[in-house]
Amino acid sequence: MSLTSPEVFSVEKRVAIAAVRRACLVTSTVFNQLVRDRTDTLKKEDESPVTVGDYAAQAVINTVLRNAFPKDPIVGEEGADALRQESNDRLRERVVSLATNALQEDLIDGESTQWGLGSHHEHSSEALLKAIDEGTIQVVRINVRLCCMWTVDPIDGTKGFLRGGQYAVCLSLIVNGQVVLGVIGCPNIQIHPSTPDGGQGQGAFQVISNSITLSGTGAIKLPYFSSEKSYVLQSEEPKHTNIPLIKHVSDELHLTEWGMDSQAKYCCLARGEGAVYLRMPAPTVGGKQPYEERIWDHAPGSILVEEAGGKITDSEGAPLRFGLGRGMGKNHGFVATVDEELHGRVISAIKRAQFTEDTKKTKDTP
């Protein structure tokens, strides 16, 4: 059966939307009730903050996926080891409470009790911790079901989340190294609608979500580039991208940079609220290795842009690689645009900017 058939992965799409919707309930609750006092955060080795929302949202998503597709590998960032420490008893209790409440919410149309949803399901603390740990597996086993795996990023853009800016709850399905489904929840995007989702060959869609219903579902299609769509979407985090190089490209193409956290950038691009999304490797400092991009950082957003009619490649124009395990190989950067003609112009501008940057480095070297 062709992957482009609307019937392929239709169940997976329903499951993914349900999982992300309920995870967004968790993250919104955490922000409104817990984040402002900043008492429920840990520190990871990469210095990005991890909140109770990360753990609870991942527990929700992984629980839904494990009930719906028990044989499918799940790949994510967070593990539950820190929550098992005695010193984090209070944090663990909040994670368990938040996840349980979200999973036990009443079902809406399209959801199933078989996915572990509804008030009659009990979720023990250990079961939810094990669900979180599902995301830390090494991608070495091959699933008989079309070699597929799910990628989860429960809160992409944790710094944006903590300051009340943009963040995203991200989920994708990868089959044979190709992204076939992506769902991204963006609770803080005020312009309706707030949850794009895309399945390969099925187009990209937007759904307005609240705690009770989903409404306003509609296909989205990118317009051709025009001067009104004059933004370059880029990361707010300078450790993750080369901001000076992006400015050089923006100036050459007469575009304006728009800083934003998380894969919400992909959603905005898919809705035509920008012309380009650029993420270039940040300059190395003191021999420190550049940030290694992970498949969950880009898989959901990439298919949304493509299914809306846009184009995404690395900065050399090559397709993105999602079949290498947890990582994406050597980081050449990421370029997404609203149409192919503009894409070619951006790639050319990047090459010229890199040449200028390399020339300056050579001159500055003693």
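Modeller: Start with I61, which sits in helix α2. Helices here are DSSP runs of H or I with at least four residues, strands are runs of E with at least two, and both are numbered from the N terminus. This is a predicted model, in which local features need pLDDT of at least 70 and side-chain atom pairs count only at pLDDT 80 or more, while totals for chains, interfaces and linings use all residues. Residues are numbered from 1 along each chain as its sequence is written, and side-chain values use heavy atoms, with hydrogens and water left out.

I61 has a relative accessible area of 0%, so it counts as buried. The cut-offs are under 20% for buried, over 50% for exposed and partly exposed in between, with a 1.4 Å probe and protein chains only. Set aside neighbours within four places in sequence, and I61 contacts A19, A23, V152, V169 and L171. Contact means heavy atoms within 4.5 Å. V15 is 46 residues from I61 along the chain, and their C-alpha atoms are 9.4 Å apart.

Now widen the view. The largest nonpolar core has 53 residues, and I61, L65, I132, W150, L171 and L173 touch the most other members. Such a core is a set of buried Ala, Val, Leu, Ile, Met, Phe, Trp, Tyr and Cys residues joined through side-chain atoms within 4.5 Å. Elements giving two or more residues to this core include α2, α3 (89–103), β4 (148–156) and β5 (168–175). Helix α1 gives the most, with 11 residues. In soluble globular proteins, nonpolar side chains tend to be buried together.

Take L173 next. Beyond four places in sequence, its contacts include F9, E12, W150 and V180. W150 also has a polar partner: its side chain meets that of D72 in a polar contact of 3.1 Å. That term covers a pair of N or O atoms within 3.5 Å; within protein, one must be able to donate a hydrogen and the other to accept it, and residues adjacent in sequence count only if both atoms are side-chain atoms. D72 lies in the loop between α2 (52–68) and β3 (74–76). Its relative accessibility is 2%, so D72 is buried.

Last, confidence. pLDDT, the predictor's confidence in each residue from 0 to 100, averages 83 over the protein, and 78% of the residues score at least 70. Over residues 210–218 it is below 50. Where pLDDT is low, the predicted coordinates should not be read in detail.
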